[in-house]
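Student: Please take one part of this model and go through it closely, in a single connected account. I would like each term to come with its cut-offs.

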Amino acid sequence: MWRWLSEAWAVAAKDLRTEFRTRVALSSLGLFALTTLIAVAYSVGPFRISAEDRPFLLAVLLWIVVFFAALAGLDRTFVKEEESHTAPLLRLSASPHVVWAGKLVFNMVLLALLLAVIVPLYCVLMGYRIELVGAFVVLLAAGGFTLAVVSTIVAAIISRAQGRGALFPVLALPLLLALLVFLIQGTTATAEGSVEAVDASLRAVVSLGGAMAVVSAMLFPLVWND
Amino acid sequence: MADGIRIVFSDVAKRFDERVIFRSVAGEAAPGEVLAVTGPNGSGKSTLLAILCGLLRPTKGSVHYLLAGGQELERAAWRQHLGVVAPAMSLYEELDALENLRFFARVRGLEDAEARCRGCLELVGLDPARRTLVAGFSTGMRQRLKIAQAMLHRPQVLFLDEPGSNLDPDGRGWLEGWVLAEQAAGTTVVLATNDAREMEWGTRRVALAV
């Protein structure tokens with residue numbers, strides 16, 4: 001088990017090292033998120049939505065910004081391996097599950113960075129007040145994990161296809177719709193201070209994330225090897 | 001020699017959509033042998049090597065890895081025993097030579113990784129202390145690094161696709177010595193080449209036609 005974790009971490013560390021040297025995915029994610037956030041902040045702002053609608057509508061806008069930013073950059077992890085012709089040696093050197101876990105960790109780190117920057121900024125710019133901060137952080141973590149799981153497997157599927165730039169959001173979005181709904185419900189509940197509703201949403205997100213992780217881990221060797 | 005891996009392939013064909021690359025190719029390479037795959041450009045030498053090392057599935061035919069006792073190695077286990085040098089396989093340009101080898105050593109779970117990585121780099125004539133990223137390497141240096149990567153885990157089977165390309169005369173001389181030493185040590189070597197000198201290393205030959 002330790003050896004497996006060490007090998008998976010080697011894949012993630014390699015990706016993080018190359019990413020911090022080139023900043024391709026980070027730029028895509030960060031620039032998309034920042035420009036969308038600024039556009040939302042200027043066009044909607046903190047005062048154009050009535051107090052009654054704020055918890056829900058601001059949750060919708062927050063997750064739309066996060067989802068589309070993620071779709072703009074999280075496919076790079078596999079696409080880059082194929083485009084730079086490093087994928088064949090990786091296939092011959094590491095087991096498929098090690099590659100899957102390493103790429104998942106890499107996408108989780110990118111998403112964690114994105115969420116750490118965008119969410120506080122969004123809350124300040126939009127005046128979004130969260131009542132249950134602890135539950136909100138747990139929801140962000142569970143949502144980020146599930147988003148990373150789906151992005152990783154879809155990125156692997158599209159990486160060997162032609163027209164992959166357009167394929168990623170087209171394939172990922174239907175898989176992410178349920179997650180988007182649960183996260184919006186959960187975030188609304190954290191803003192309203194409704195513990196029961198947060199609990200239900202959190203359970204749904206964690207269940208979805210767990211199921212997606214199991215299916216992805218089983219599917220990945222087939223996608224990666226053929 | 002007794003511990004080596006014999007590769008046997010028969011009736012192997014490959015087609016991409018309607019384009020036939022080759023039909024019904026057969027051959028074998030035993031431990032201590034060099035199988036030279038020859039043929040003009042576009043005849044499918046690299047494709048055959050990709051099939052033999054498990055990166056591609058043949059449209060028809062079969063490939064078997066046989067251990068000394070005759071038992072067959074499962075396809076999923078092939079990669080642990082292979083070292084591959086091929087023009088279509090690149091190393092990570094954003095890492096330096098030592099970082100590249102460290103990565104491959106770690107994902108292969110090698111013990112004594114640091115010493116092995118440094119040793120392999122020195123063997124192919126690259127300086128382990130040099131921090132230049134691979135993006136700044138010449139094509140010859142990249143080829144040397146690919147060879148270092150292929151020998152890192154001391155594989156029992158070597159697939160070498162145009163291994164001497166981009167190497168200077170010294171490098172070619174070193175390469176010949178290395179391949180012949182591997183052959184003498186019982187490694188199974190499969191070589192795709194059009195170079196007359198490299199063809200001479202072959203103890204068996206498979207000739208492909210366009």
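Tutor: Over all chains the count of disulfides comes to zero, a disulfide being a pair of cysteine sulfur atoms within 2.5 Å. The model is predicted, so local features need pLDDT of at least 70 and side-chain atom pairs pLDDT 80 or more, while totals for chains, interfaces and linings use all residues. Residues are numbered from 1 along each chain as its sequence is written, chains are lettered from A and ligands numbered from 1 in the order written, and side-chain values use heavy atoms, without hydrogens and water.

The sulfur of B:Cys53 has its closest cysteine sulfur in B:Cys120, 19 Å away and therefore too far for a bond. B:Cys53 counts as buried because its relative accessibility is 4%, where buried means under 20% relative accessible area, exposed over 50% and partly exposed in between, with a 1.4 Å probe and protein chains only. A:Cys123, at 16%, counts as buried too.

B:Cys120 itself belongs to helix H4 (residues 113-123) of chain B, where B:Ala113, B:Arg116, B:Cys117, B:Cys120 and B:Leu121 are buried; helices (H or I, at least four residues) and strands (E, at least two) are DSSP runs numbered from the N terminus. These residues lie on the same side of H4(B) because they cover an arc of only 130 degrees around the axis, the arc being that of the directions from the helix axis to the C-beta atoms. Their cover includes helix H3 (97-107) and helix H5 (139-151) of chain B, and just after H4(B), B:Gly125 takes a positive phi of about 90 degrees.

Turning to open space, the largest pocket holds about 520 Å³. Of its 21 lining residues, A:Pro88, B:Ala50, B:Leu55, B:Leu56 and B:Ala88 are the closest to its centre. On a 1 Å grid over the protein atoms alone, a cavity is a set of points where a 1.4 Å probe fits but cannot get out, whereas a pocket is an open set with protein on both sides within 12 Å along at least five of seven lines, and lining residues have an atom within 4 Å of a point. Helix H1 (45-52) of chain B is among the elements supplying at least two lining residues, as is helix H5 (87-93) of chain A; H1(B) gives the largest share, four residues.

How values were computed: Contact means heavy atoms within 4.5 Å. Grid points are joined across faces, edges and corners, and a volume is the space filled by probe spheres set on the points.
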